[in-house]
Amino acid sequence: MHSREYKLPEKFQDQRVLVIGLGNSGADISVDLSHVTKQIFLSTRTGTWVVNRVSDDGYPLDVVHFTRFKNLLRHLLPTTLVNLWGEKKLNARFNHDNYGIKPQHRFLTRYPIAADDLPNAIIAGRVIIKPNIQEFTERGVIFEDGSREENIDVVIFATGYSYSFPFIEEGVIQTNANHIPLYKFVFPPHLEKPTLAIIGLLQPLGAIMPISELQARWATRVFKGKYPRPLLGY
């Protein structure tokens, strides 16, 4: 099953479940299931950096780190230095190598995941980290490191999503390898008139809801004619 089909953990009671993919969905589903299943195996191909929503002095992560000043530092300082600082900060909470999830990429290369409870689940043994999958057997799975697990009841693919808009006329929104070009991440650029706005289709550094609200405010004012029409058609 795909992660989009997952709703509640109760029907997986006392089962052995393999979750494939260590993104936000894979981590959240694994932790959620780990309280009711017999065992969770979490397979990751590349590992990941894990951030905690609670940061220094108990303040939220975005309040502490997503400030104008720190954003300025991130652009002024060498990337290597920022990577070293970020990785040291994350490893101070729990060493990613010890937990089997140290990524192959540097801190700023990809988005980290927010999974506060994942380290607790790993250290308690409820979630066992496994490498990438080599092949499936009739009732089990063989991993690339040669280890294998048998009697797997359910496999959940938390392997991401493909963007599509089947409810909109074909050609209105153009996609290219899951990349959707939007003017200021809101308006389809090739429309003759700005009569359609896409809200929330972005991955920001921080909470998405305040950004979505600002996008919606701007879009409604463009629709009303209160703001100049966006320069579409680039």
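This is a predicted model: local features need pLDDT of at least 70, side-chain atom pairs count only at pLDDT 80 or more; totals for chains, interfaces and linings use all residues.
Residues are numbered from 1 along each chain as its sequence is written, and side-chain values use heavy atoms, with hydrogens and water left out.

Strand 1 covers residues 16-20 and strand 2 residues 39-43; helices (H or I, at least four residues) and strands (E, at least two) are DSSP runs numbered from the N terminus. The two strands run parallel and are joined by five bridges, where pairing requires at least two DSSP bridges. Together with helix 1 (residues 24-33), they make a right-handed β-α-β unit, meaning that, with the strands pointing away from the viewer, the path from the first strand over the helix to the second runs clockwise.

Strand 1 also pairs with strand 9 (residues 154-157), again in the parallel sense, over four bridges. Here Val17 stands opposite Val154. Five of the five residues of strand 1 are buried (under 20% relative accessible area, with exposed over 50% and partly exposed in between; 1.4 Å probe, protein chains only). Arg16, Leu18 and Ile20 point one way from the strand, and Val17 and Val19 the other way.

Turning to the surface, Phe69 lies in helix 3 (residues 68-76) and is exposed, with a relative accessible area of 55%.
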